[in-house]
Amino acid sequence: MKRILICGANGLLGQRLALMLSSQTEYEVLHTSHHRSFVFDNRLLDYTQLDITRKSDVKSLVSSFHPDVIMNAAAATNVDWCETHREEAWKVNVVGVEHLIEAARKVGARLIHVSTDYVFDGKSGPYKEDDRPNPLSYYGKSKLAAENALRISDIPYAIVRTIVVYGAGINVKENFPLWVFNSLRAGKRIRCVEDQISNPTSVNDLAFAVLKIFELNKTGIYHVCGSERLSRYEFARRVAEVFELDPELIERARTSDLQQIAPRPMVTGFITLKAESELHLKPMDTRQGLTLMKRELHSTRKL
Ligand SMILES: NC(=O)c1ccc[n+]([C@@H]2O[C@H](COP(=O)([O-])OP(=O)(O)OC[C@H]3O[C@@H](n4cnc5c(N)ncnc54)[C@H](OP(=O)(O)O)[C@@H]3O)[C@@H](O)[C@H]2O)c1
């Protein structure tokens with residue numbers, strides 16, 4: 001039976017991987033994250049606390065579980081926090097990945113790692129897998145450094161780059177559509193930028209791609225994102241439409257109005273032909289992704 005180790009299993013992607021794998025009986029899955037407790041019932045799904053920044057913990061857990069693959073969904077994902085907490089961000093996003101690489105090498109495991117469009121400068125999106133990265137933010141720099149650590153390692157690896165991931169989960173960080181939904185439902189006015197353009201990604205598509213890479217034994221870089229390129233303003237309007245909330249509460253803004261701490265790449269998006277042809281990914285558009293999220297939100301809130 002193949003063994004899968006998931007790191008960051010309490011996060012949005014980690015939870016989705018756990019749910020998708022829970023219906024498959026041919027794998028033994030160990031879920032880990034840096035919190036003591038798991039968001040799911042750990043009598044049903046195996047869970048162990050693991051902080052990937054702790055080298056000896058990573059080493060001993062990987063040696064004892066002996067996974068065939070490590071799926072790394074753990075990261076410091078708040079872009080503005082990373083800008084002001086550089087040392088901590090580096091520790092999770094780079095040193096943590098180096099620990100996983102070293103541990104994977106010892107047991108002959110593959111590593112599937114997740115990265116971001118923020119490795120690009122946003123001057124010439126949509127990007128292909130072999131386009132030249134040039135991160136603007138510290139978050140982007142740390143994610144690129146982790147990619148480079150994998151590139152120079154001698155272990156089999158895959159990197160899945162993705163963009164503005166959204167979906168429902170238990171106690172997950174407020175992703176963009178969730179913030180829009182919560183604000184509009186409370187009757188709050190919000191400002192959304194019309195000059196940051198990208199392809200938002202349903203967490204279902206992202207998890208699907210990670211699992212396909214594992215099943216098909218793929219290595220290398222894959223770009224995975226939704227099929228629609230739109231601004232944050234347009235995306236927020238789509239949230240209002242799907243969740244039947246008042247779109248008039250959404251105001252147009254420019255990036256320069258918001259004074260976000262970390263610089264953002266303005267126009268990204270990916271060309272996903274490789275993932276579509278090799279992984280059979282059929283990326284959702286935002287109406288499909290948000291409709292699914294609406295259903296999931298309903299069921300997670302009932303849990
Ligand atoms: N979300 C996006 O819009 C987006 C866009 C592009 C790329 N990505 C990439 O996609 C991946 C998954 O993102 P996500 O949206 O699922 O993020 P998320 O919801 O923030 O989940 C990340 C998880 O990692 C855990 N974690 C943080 N530090 C850790 C450590 N030292 N050891 C173990 N676990 C740790 C977090 O735990 P706590 O919650 O307890 O801190 C959290 O459960 C990340 O690599 C991210 O960079 C995300």
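1. Two residues are in contact if their C-beta atoms, placed from the backbone, lie within 7 Å. On that basis, 79% of the contacts in the protein with a separation of 6 or more join residues 24 or more positions apart. Note that this is a predicted model.

2. Overall build. The protein has 11 helices and 13 strands. Its radius of gyration is 19 Å, close to the 19 Å that the globule rule gives for 303 residues, so the protein is as compact as a globular protein of that length. The C-alpha trace spans about 55 × 45 × 40 Å along its principal axes. Of the 303 residues, 48% count as buried.

3. An open sheet is built from 7 strands, in the order 3-2-1-4-5-6-11, with parallel pairing. Strand 3 (47-49) and strand 11 (220-223) stand at the edges. Each has a single partner strand, so one side of each is left without a neighbour in the sheet. On average, neighbouring strands are turned by 20° against each other, direction ignored.

4. Packing on the sheet. Helix 7 (residues 203-215) packs on the sheet. This helix touches strand 4 (69-72), strand 5, strand 6 (157-162) and strand 11. The direction of helix 7 makes about 165° with that of strand 6.

5. Strand 2 (residues 27-33) and strand 3 run parallel and are joined by 3 bridges. Within this pair, His-31 stands opposite Tyr-47 in strand 3.

6. Ala-9. This residue is found in the loop between strand 1 (2-7) and helix 1. Is Ala-9 buried or exposed? The cut-off for buried is 20 or more other C-beta atoms within 10 Å. Ala-9 has 29 C-beta neighbours inside 10 Å, so Ala-9 counts as buried. Leaving aside neighbours within four places in sequence, the contacts of Ala-9 include Gly-14, Gln-15 and Ala-18. His-31, Thr-32, Ser-33, Phe-38 and Ala-73 are also in contact with Ala-9. Ala-9 and Val-172 are 163 residues apart in sequence, yet 11 Å apart in space, C-alpha to C-alpha.

7. The ligand shell. The ligand is surrounded by 30 residues, and the closest are Gly-8, Gly-11, Leu-13, Ala-74 and Ala-75. Which elements give two or more residues to the shell? They are helix 1 (12-22), helix 4 (86-107) and strand 5 (110-116). The largest share, 3 residues, comes from helix 1. By type, the shell divides into 14 nonpolar, 13 polar and 3 charged residues.

How values were computed
Residues numbered from 1 in each chain as written. Predicted model: local features only at pLDDT ≥ 70, side-chain atom pairs only at ≥ 80, totals over all residues. Near = placed C-beta within 6 Å. Helix = DSSP H or I, 4+ residues; strand = E, 2+ residues; numbered from the N terminus. Nonpolar A, V, L, I, M, F, W, Y, C, P; charged D, E, K, R; others polar. Pairing = 2+ DSSP bridges. Axes fitted to C-alpha atoms, helices over the stretch in contact; angles between N-to-C directions. Rg over C-alpha atoms; globule rule 2.2 N^0.38 Å. Buried ≥ 20, exposed ≤ 12 C-beta atoms within 10 Å, placed from the backbone.
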